[in-house]
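Please view the sequence and the coordinates alongside the text.

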Amino acid sequence: MSSDAGDKYVSVDFEVFGNVQGVCFRMYTEAEAEKLGVTGWVKNTRQGTVVGQVQGNPEKVKEMKYWLSKVGSPSSRITRTEFSNEKPITKLEIHGFGTRY
């Protein structure tokens, strides 16, 4: 365990572009997040993208970022994923992972 409590967790916002609505993307994102043990949320936008936030262990957040960039739901086609506001946090600000509307 690291004694540096300053960057115990990391938080990052994301936006996924491509064919990501109507393909169960949010449901699969929730399942992947729960599998990895990260917290956060996901939602569709009016622009046809999916946005959200992921928080958790830096290594697990890195795995989630890869999933959001390269894997997605089986029927989705991701053209690009943008990550922003990545920062260390001392404690999780969100409990669980859910879909927002």
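In what order do the 5 strands of the open sheet lie? The order is S4-S1-S3-S2-S5, and the pairing is mixed. The model is predicted, so local features need pLDDT of at least 70 and side-chain atom pairs count only at pLDDT 80 or more, whereas totals for chains, interfaces and linings use all residues. Residues are numbered from 1 along each chain as its sequence is written, and side-chain values use heavy atoms, with hydrogens and water left out.

**Sheet edges and twist**

- Strand S4 (77–89) and strand S5 (97–99) are the edge strands, each having a single partner strand, so one side of each is left without a neighbour in the sheet.
- From one strand to the next, the twist averages 15 degrees.
- Strands (E, at least two residues) and helices (H or I, at least four) are DSSP runs, numbered from the N terminus.
- Two strands are taken to pair if DSSP finds at least two bridges between them.

**Strand pairing**

- S1 and S4 are antiparallel and share 10 bridges; within this pair, Val10 stands opposite Pro88 of S4.
- S1 is also joined to S3, in the antiparallel sense, by 7 bridges, and Val16 has Val50 of S3 as its bridge partner.
- S2 and S3 are antiparallel, with 6 bridges; they form a hairpin with 5 residues between them, and Gly48 in the turn has a positive phi of about 90 degrees.
- Strand S2 (residues 39–44) runs parallel to S5, to which 3 bridges join it.
- Trp41 has bridge partners in two strands: Gln53 in S3 and Gly98 in S5.
- Gly40 stands opposite Phe97 in S5.

**Helices on the sheet**

- Helix H1 (residues 25–36) packs on the sheet and touches strand S1 (9–19), S2, strand S3 (50–56), S4 and S5, where contact means heavy atoms within 4.5 Å.
- The direction of H1 makes about 175 degrees with that of S5; axes are lines fitted to C-alpha atoms, for helices over the stretch in contact, and angles run from 0 to 180 degrees between N-to-C directions.
- Helix H2 (residues 58–71) lies across S1, S3 and S4, and runs at about 160 degrees to S4.

**Helix–helix packing**

- The axes of H1 and H2 come within 10 Å and cross at roughly 155 degrees.
- That makes H1 roughly antiparallel to H2, a term used for angles over 145 degrees.
- The crossing of H1 and H2 is right-handed, that is, the near helix is turned clockwise from the far one by less than a right angle.
- H1 contributes Phe25, Tyr28, Thr29, Glu32, Ala33 and Leu36 to the contact, and H2 contributes Lys60, Glu63, Met64, Trp67 and Leu68.
- Of the residues in this contact, 7 are nonpolar, 1 is polar and 3 are charged; Ala, Val, Leu, Ile, Met, Phe, Trp, Tyr, Cys and Pro count as nonpolar, Asp, Glu, Lys and Arg as charged, and the others, Gly among them, as polar.

**Annotated positions**

- An unreviewed UniProt entry lists Arg26 and Asn44 under "active site"; such annotations may be inferred rather than shown by experiment.
- These positions are spread over 19 residues of sequence but cluster in space, with a largest C-alpha distance of 7.9 Å.
- Arg26 is found in helix H1.

Notes
Parallel < 35°, antiparallel > 145°, perpendicular 65-115°, else oblique.
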